[in-house]
Amino acid sequence: AQVDLVQGFGEVLSYGGNCVTDIGNAYTESLHAHPLAVKTVTSGVIYGVGDTLAQRPKRVQDLDVKRVRNFGIIGLGVGLLWTEWYAALELFFDSMDVEAGFKKTALSMTLDQFLWSPIFFATYLIPMDVKSELIPTLIASAKVWTPANAIIYNVPLTWRVLAANGFDLVWAIYLSIFVTDDDQANQESSTAEAIE
């Protein structure tokens with residue numbers, strides 16, 4: 001009986017491993033067939049999940065579905081824009097004959113943090129009321145993304161957006177909490193002014 005239990009557990013682990021492998025293979029095939037769509041949708045899902053986690057609903061009814069949808073839509077744009085940024089940066093470095101290594105990673109991170117991120121936050125995230133908090137957001141971004149980018153810019157271009165999505169989950173949670181705290185502060189201020 002004990003042998004059967006061990007064998008059965010091994011079969012479950014084997015099945016689970018095959019399931020993960022099958023999902024990984026399906027993702028890889030989809031990524032090669034439709035790279036922009038897969039990267040964009042993956043980012044949208046990650047941002048929606050990040051907002052859901054940030055809300056910490058105790059029950060499904062407590063979840064603000066509209067907010068999750070909005071974050072998912074923002075994530076779609078994030079996936080699209082970062083896919084294009086990574087590709088453009090790669091083309092730029094290829095045209096300059098900059099080879100992979102420390103120099104390319106350092107230059108990528110510098111351009112990302114001081115050129116692309118300010119443009120990205122100041123233009124794309126305006127609907128999230130980040131404009132008034134651009135400097136604190138850029139500082140928070142540097143804290144999260146500088147170490148992340150040391151990894152991300154060493155991942156092959158095809159997989160770079162997926163690698164960034166791992167960190168995007170944390171970033172989406174931060175942005176969701178940031179926007180919620182900002183909205184609550186604005187509501188409390190409006191309520192206080194109405195009372196006076």
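At what angle do helix 3 and helix 4 pack, and how far apart are their axes?

1. The model is predicted: local features need pLDDT of at least 70, side-chain atom pairs count only at pLDDT 80 or more, and totals for chains, interfaces and linings use all residues. Residues are numbered from 1 along each chain as its sequence is written, and side-chain values use heavy atoms, with hydrogens and water left out.

2. Helix 3 (residues 65–95) and helix 4 (residues 102–123) pack at an angle of about 135°, and their axes are 11 Å apart. Axes are lines fitted to C-alpha atoms, for helices over the stretch in contact, with angles running from 0 to 180 degrees between N-to-C directions. Helices (H or I, at least four residues) and strands (E, at least two) are DSSP runs, numbered from the N terminus. The angle makes helix 3 oblique to helix 4; under 35 degrees counts as roughly parallel, over 145 as roughly antiparallel, 65 to 115 as roughly perpendicular and the rest as oblique.

3. The crossing of helix 3 past helix 4 is right-handed (the near helix is turned clockwise from the far one by less than a right angle). Residues in contact (heavy atoms within 4.5 Å) include Trp82, Trp85 and Glu90 of helix 3 and Lys104, Leu111 and Trp116 of helix 4. By class, the contact residues are twelve nonpolar, two polar and four charged. Ala, Val, Leu, Ile, Met, Phe, Trp, Tyr, Cys and Pro count as nonpolar, Asp, Glu, Lys and Arg as charged, and the others, Gly among them, as polar.

4. The whole structure holds three salt bridges (a side-chain nitrogen of Lys or Arg within 4 Å of a carboxyl oxygen of Asp or Glu). One of them joins Arg67 and Asp51, at 2.7 Å from N to O. Arg67 lies in helix 3 and Asp51 in helix 2 (residues 35–55), so the pair ties together parts 16 residues apart in sequence. Asp51 is buried, at a relative accessible area of 0%; buried means under 20%, exposed over 50%, partly exposed in between (1.4 Å probe, protein chains only).

5. Glu90 also forms a salt bridge with Lys104, with the closest N and O atoms 2.6 Å apart. This pair links helix 3 to helix 4 across 14 residues, and both Glu90 and Lys104 are buried.

6. A further salt bridge runs between Glu90 and Arg160 (3.1 Å, N to O). Arg160 lies in helix 6 (residues 157–195) and Glu90 in helix 3, so parts 70 residues apart in sequence are tied together. Glu90 and Arg160 are both buried. Through shared partners, Glu90, Lys104 and Arg160 form one salt-bridge network.
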